[in-house]
Amino acid sequence: QPDVAGYVGMDWQAQPTIVTGFRVGAQIYDPVANSSSVSPYATAYFDWQLGARSSLDASFNHGYQDTSLANETAQIATTFIVGFNYQWTPRFNSRIQFIASNAAYDNGTAVSGLGIGSFDEQTYGVGLNGSYDINTWLSVIAGYSFVDLVSPITVRQYVRNRVWIGFTGTF
């Protein structure tokens, strides 16, 4: 996570069924003393209530994020997400979501002497989720997701299919 972030933005309800907003600013990331990197930060979203039981949303985010690479301290990620929600019954809801992301690794985020140089990775995914409210406090959730990571580092590339089921509780 960034050490310091500053931004300004606004939210706007364009119509009773449409809300949009954005934030712009900068992030300072200092994983090792005296090695600060500055990155622009931006996020935007759009929510549209299509009807009584459905909605469409989209979001964009750009900034530093943590990474799973041992020789990198951060990645500069740009992510787009589009989703559609539908309430089939008062208790059963579903969502389909599409995601595309680019993670840029550069010498500014590499641990000194261990970095492998600048490169980008792309992630593409789709998810289908559903939830059923058993009562006010307990829900059953289930879903499927497909993720494809494209990387110049061959051992990091993967295609993943996941099916999951679980419970959520609210109190």
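# Strands, salt bridges and rings in a predicted model

Biologist: How do strands S7 and S8 pair?
Modeller: Strand S7 (residues 119-133) and strand S8 (residues 138-150) are antiparallel partners, with twelve bridges between them. Strands are DSSP runs of E, at least two residues long, numbered from the N terminus, and two of them pair if DSSP finds at least two bridges between them. This is a predicted model, in which local features need pLDDT of at least 70 and side-chain atom pairs count only at pLDDT 80 or more, while totals for chains, interfaces and linings use all residues. Residues are numbered from 1 along each chain as its sequence is written, and side-chain values use heavy atoms, with hydrogens and water left out.

Biologist: Which residue in S8 is the bridge partner of glutamine 122?
Modeller: That partner is valine 150.

Biologist: And how do S8 and S9 pair?
Modeller: S8 and strand S9 (residues 158-169) also pair in the antiparallel sense, over twelve bridges. Here valine 147 stands opposite arginine 160 of S9.

Biologist: Where does the charged end of arginine 160 sit?
Modeller: The charged end of arginine 160 sits over the ring of tyrosine 158, 4.3 Å from the ring centre. The rule requires NZ of Lys or CZ of Arg within 6 Å of the ring centre and within 35 degrees of the ring normal.

Biologist: Changing topic, how many salt bridges does the structure hold?
Modeller: The structure holds three, a salt bridge being a side-chain nitrogen of Lys or Arg within 4 Å of a carboxyl oxygen of Asp or Glu. One of them joins arginine 156 to glutamate 121, with the closest N and O atoms 2.7 Å apart. This pair links distant parts of the chain, 35 residues apart: arginine 156 is in the loop between S8 and S9, and glutamate 121 is in strand S7.

Biologist: Are arginine 156 and glutamate 121 buried or exposed?
Modeller: Both arginine 156 and glutamate 121 are buried. Buried means under 20% relative accessible area, exposed means over 50%, and partly exposed lies in between (1.4 Å probe, protein chains only).

Biologist: Which residue forms a salt bridge with arginine 95?
Modeller: Aspartate 57 does, and the closest N and O atoms are 2.8 Å apart. Arginine 95 is in strand S6 (residues 92-105) and aspartate 57 in strand S4 (residues 54-65), 38 residues apart. Arginine 95 is buried at 19% relative accessible area, and aspartate 57 is buried at 14%.

Biologist: What about arginine 23?
Modeller: Arginine 23 forms a salt bridge with aspartate 11, where the closest N and O atoms are 3.1 Å apart. Arginine 23 belongs to strand S2 (residues 18-29) and aspartate 11 to strand S1 (residues 4-15), twelve residues apart. Arginine 23 is partly exposed at 23%, as is aspartate 11 at 45%.

Biologist: Now the rings: how many aromatic pairs are there?
Modeller: The count comes to five aromatic pairs. Rings of Phe, Tyr and Trp (its six-membered ring) pair if their centres lie within 6.5 Å; planes under 30 degrees apart count as stacked, over 60 as edge-to-face and the rest as tilted.

Biologist: Why is the pair of tyrosine 7 and tyrosine 41 called tilted?
Modeller: The pair is tilted because the ring planes are at 40°, with the centres 5.6 Å apart. Tyrosine 7 lies in strand S1 and tyrosine 41 in strand S3 (residues 37-49), so the pair ties together parts that are 34 residues apart in sequence.

Biologist: Which residues form one aromatic cluster?
Modeller: Phe84, Tyr86 and Trp88 form that cluster.

Conventions
Helices (H or I, at least four residues) and strands (E, at least two) are DSSP runs, numbered from the N terminus.
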